[in-house]
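This briefing is for a reader new to the structure shown here. Please look over the sequence and the model before reading on.

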Amino acid sequence: MAARRLDPAKIHAALDAQLAELGDPPFSGPAAGVGPACVAVVLRVYDLGGQPLREAARAAVRYLLEELVAVAPGRTVEVRVPPYAAVQCVEGPRHTRGTPPNVVQIEARTWLELATGRTAWGDAIADGRATASGSRADLSAYLPLG
């Protein structure tokens, strides 16, 4: 099964909507930069104490989950970032039925911070911002992305 890819136009629209909400001009950078720019603006909203627009947060989360799948392909670990997305990644035995044995669950802000290196994996696990069950659920070898 081929991995789903986010539509760059949808990421761009979500990014521009979030920028407009902040009073900033639309994104004018290269098309390849819309994903990272969306992540940056969503983190900026969190840093300002706000809640990002749902579509912007969703685009940022999904963009970084796709990056994780690119660096850790496989179907052994399920990474869940409710309510936005879930992916399977990491090489090893493939899970096909029932509850996966290796599950990571993270809220959106923590996922963005882990994936960008603003938070360490061990810290997020230790303080409960992320949960990981199963012997292969440790994502520290893949984070931060890029």
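The points below cover the nonpolar core and the salt bridges.

The model is predicted: local features need pLDDT of at least 70, side-chain atom pairs count only at pLDDT 80 or more, and totals for chains, interfaces and linings use all residues. Residues are numbered from 1 along each chain as its sequence is written, and side-chain values use heavy atoms, with hydrogens and water left out.

**Nonpolar core**

- A nonpolar core is a set of buried Ala, Val, Leu, Ile, Met, Phe, Trp, Tyr and Cys residues joined through side-chain atoms within 4.5 Å; buried means under 20% relative accessible area, exposed over 50%, and partly exposed in between (1.4 Å probe, protein chains only).
- The largest such core holds 46 residues, and Val-79, Trp-111, Leu-112 and Leu-139 have the most contacts inside it.
- Helix H3 gives the largest share, nine residues (helices are DSSP runs of H or I, at least four residues, numbered from the N terminus).
- Val-79 touches residues including Leu-65, Leu-68, Val-104 and Leu-139, leaving aside those up to four places away in sequence (contact means heavy atoms within 4.5 Å).

**Salt bridges**

- There are eight salt bridges in the structure, each a side-chain nitrogen of Lys or Arg within 4 Å of a carboxyl oxygen of Asp or Glu.
- Asp-47 pairs with Arg-109, with the closest N and O atoms 3.7 Å apart.
- Asp-47 is in helix H2 and Arg-109 in helix H4, so this pair ties together parts 62 residues apart in sequence.
- Arg-129 and Asp-127 form a salt bridge at 3.0 Å, N to O.
- Shared partners join Asp-47, Arg-109, Glu-113, Arg-118, Asp-127 and Arg-129 into one salt-bridge network.

How values were computed. Helices (H or I, at least four residues) and strands (E, at least two) are DSSP runs, numbered from the N terminus.
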